[in-house]
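Hello,

I am passing a structure on to you, and my notes on it follow below.

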Amino acid sequence: MVDSPRVETLRFRFPDRSRDDLVLGPGVHAVGHGPDGLRLVGRGADARIQVSVDGRGSWLQLREGGSRVHVNGRPVRRMALLRAGDAVHIDGVELGLVGAEPQPVPDEEPESAIANRQVLRGIGGVHHGRSFTLDCPRTLGSASDSDICLDEPGVADRQLQLLPYGTGVVLRKLDGQGRCLVNGHPVNEALLRAGDQLLVGNGQRFLVESPLSRAPAATPVAPEYPAEVFEAVAEPSAGSTWHHLPWVLLAAALIAAVLTLLLTWGG
């Protein structure tokens, strides 16, 4: 059973917003062609792809005979992991996968907040596979002296700035003309958290990640037992000891008798 409150609801959104979003709640959904284009269909012959959404994540799976499906420009052979903010092309039609809106920036940073170790990892574009620490302010833009240089048409010299924050990363656009999406939503300012996808320009994609911090090793503690347990084990009563003593003497006598017979008749 899917725990619905803990599963993010995603939407396939058409770029021109000419049609309603295709809502992908928890469960399994099939997308195929209808009279008016791509739509949610039954899991029959009309389905081109199948999308599973649950607590483990979101997965795209090609149906038998499916073809020409790309995620962020990369062809899908059988299955692909989906993230909010991805661009999915099905038979040449683009669908944007939209997730929850990013959180607004609080007025003040909580005094008790502990700075997280945030990392910006490139998952598409010129910085694919590279990671940038966010423990200090970073600027993204086409200028050569930008902290993260995005030399691409349509990206301003100083496109945006990322600032470390106690509970995430603050994003602020420095140029109002450039394209900036977080989880598929256009933003000018937002608080980014681990798992959010940032798209700058046409195809410069980044994922905000927070490396896991290991919990300190627990100090072994001897189990505590009531005092009477130790007394019962360490100090047996005298009556109990004498009760078992005759049986011990009898066993010793039998062993001695057997040894005597062996020595007498065995020689």
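**The pockets**

The largest pocket has 34 lining residues, and those nearest its centre are Asn-72, Gly-85, Asp-86, Ala-87 and Arg-205. The elements that each give two or more residues to this lining are β8 (74-75), β9 (79-82), β11 (93-98), β12 (119-124) and β19 (185-186). Strands here are DSSP runs (E, at least two residues), numbered from the N terminus. With 5 residues, β11 gives the most to the lining of the largest pocket. A pocket is an open set of points on a 1 Å grid over the protein atoms alone, where a 1.4 Å probe fits, with protein on both sides within 12 Å along at least five of seven lines; lining residues have an atom within 4 Å of a point.

This is a predicted model, in which local features need pLDDT of at least 70 and side-chain atom pairs count only at pLDDT 80 or more, while totals for chains, interfaces and linings use all residues. Residues are numbered from 1 along each chain as its sequence is written, and side-chain values use heavy atoms, leaving out hydrogens and water.

The second largest pocket is lined by 23 residues, with Glu-8, Leu-10, Arg-83, Ala-84 and Gly-195 nearest its centre. Two or more residues of that lining come from each of β5 (47-54), β6 (57-62) and β9.

As for the chain, 36% of its 267 residues are buried (under 20% relative accessible area, 1.4 Å probe, protein chains only).

Best wishes

Conventions
Buried means under 20% relative accessible area, exposed over 50%, partly exposed in between (1.4 Å probe, protein chains only). Helices (H or I, at least four residues) and strands (E, at least two) are DSSP runs, numbered from the N terminus.
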